[in-house]
Amino acid sequence: MTLDQMRYFMEVAYCGSFSQAARNLYISQPNLTKYIAALEKELGTKLFERTTRRVSLTENGEIFRARISRVLMPMLQTMEGIKSELTSHRQPIYIGVGRDETLPEPFLECLRQQNLSGDDSFLYLMQHDSHIGLSEGLRNQYSLVVSSDRHLRSFSGLSYLPFRRFRMVLAISKYHPLADKPGLSPLDFRNEQVFFSLPSGMSASANLSKNIYYRLGGYVNIKLMPTPSDAIRCAQLCAGAAIVPDVIDLAQYPDVFYVEFDEQGESSPSMQCLIWPEENTNAAPIQTILTALETHYGQPVST
């Protein structure tokens, strides 16, 4: 049994969800599931009851949580103290990421390898509540941000590295009257309100209505939401539909299913990007990260 396994177990128990715990831990859900399965095999008992809606502790899971909760926090505090002593000479670099965005495993592996390299810098991922604040964070908090927001990339004085393509998808309640119809598209919902959120949330341009019309191929009655997760939750509550980017963790919404559709008039692919100020005091460690990402994704930095 490892310290990570105990920490992962406690996070799943707290969240009641493997997908949410994986997001909080910044690891992939399949890897988290493997860690917990290995722990259950080692202990010889089932720790969680799993349903489509909720993950809950078994009786033995409750006993295990009570036992390790007494020792886990002191162990983590000891580890943090040791880490603090060993890394006190290392310069912290903060990377902001919107709360709705997931990060692919190769990207996370780049960050892990950088932190294990013993370099003079140490990277911290900081979850930000909204995309709107990421641009402000670049000025006073973050050395870099991860964002799918095209609007953010239009700011002067910023450089960016695109590393992950994403699409807009239909998120449809399983209880919607059209749920069994094949080949659904946004235009099938033109007679009802469809919840919509771009990665940039409510900070979209004044031409948003026209842009949506061209992207979807016709008129749809759009209800703008602050974030993609807000759009999906409203679709769940209303047994309706939403249009969201697939860069968010779609697996955490079991009451909806997803349909890809062809966007109209898209001249360039939608990309998740790493963004940083051109004049940055942390230029050397940032370049190390960019080089590692370019090695993984095989494409040069775009500015």
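## Reading the labels in this predicted model

Q: Why is D188 called partly exposed?
A: In this predicted model, D188 has a relative accessibility of 26%. Buried would need a value under 20% and exposed one over 50%, so at 26% D188 counts as partly exposed.

Q: What makes K181 and D188 a salt bridge?
A: Their side chains meet with N and O 3.1 Å apart. The limit is 4 Å, so the pair qualifies at 3.1 Å. K181 is partly exposed too, at 40% relative accessibility.

Q: How do you know that D4 forms a salt bridge with R7?
A: The closest N and O atoms are 3.0 Å apart, and the cut-off is 4 Å. D4 and R7 are three residues apart in helix α1, so about one helical turn separates them. With relative accessible areas of 33% for D4 and 31% for R7, each falls between 20% and 50% and is therefore partly exposed.

Q: Why does the pair D230 and R233 count as a salt bridge?
A: The N to O distance is 3.9 Å, and the rule asks for within 4 Å, so this pair is counted. D230 and R233 both lie in helix α9 (residues 228–238), about one turn apart. R233 is partly exposed because its relative accessibility is 38%. By this rule, the count of salt bridges comes to seven.

Q: What makes the pair Y8 and Y35 edge-to-face?
A: The ring centres are 5.0 Å apart and the planes stand at 65 degrees. Pairing needs centres within 6.5 Å, and edge-to-face needs an angle over 60 degrees, so both conditions hold for Y8 and Y35. This pair links distant parts of the chain, with Y8 in helix α1 (residues 3–15) and Y35 in helix α3 (residues 29–43). Y8 is buried at 6%, whereas Y35 is partly exposed at 36%.

Q: Why is the pair F9 and F64 called edge-to-face?
A: Here the centres lie 4.8 Å apart and the planes meet at 75 degrees, so the label is edge-to-face. F9 belongs to helix α1 and F64 to helix α4 (residues 59–87), 55 residues apart. Both F9 and F64 are buried. Ring pairs also join F9, F18, F48 and F64 into a cluster.

Q: How do you know whether D255 is buried or exposed?
A: Its relative accessible area is 19%, and buried means under 20%, so D255 is buried. D255 sits in the loop between β10 (241–245) and β11 (256–260), and among the residues it touches are R53, K174 and Q236.

Methods
Residues numbered from 1 in each chain as written. Predicted model: local features only at pLDDT ≥ 70, side-chain atom pairs only at ≥ 80, totals over all residues. Heavy atoms only, no water. Helix = DSSP H or I, 4+ residues; strand = E, 2+ residues; numbered from the N terminus. Buried < 20%, exposed > 50% of the residue type's maximum accessible area, 1.4 Å probe, protein only. Contact = heavy atoms within 4.5 Å. Phe/Tyr/Trp six-rings, centres within 6.5 Å; stacked < 30°, edge-to-face > 60°. Lists of a residue's contacts leave out its neighbours within four places in sequence.
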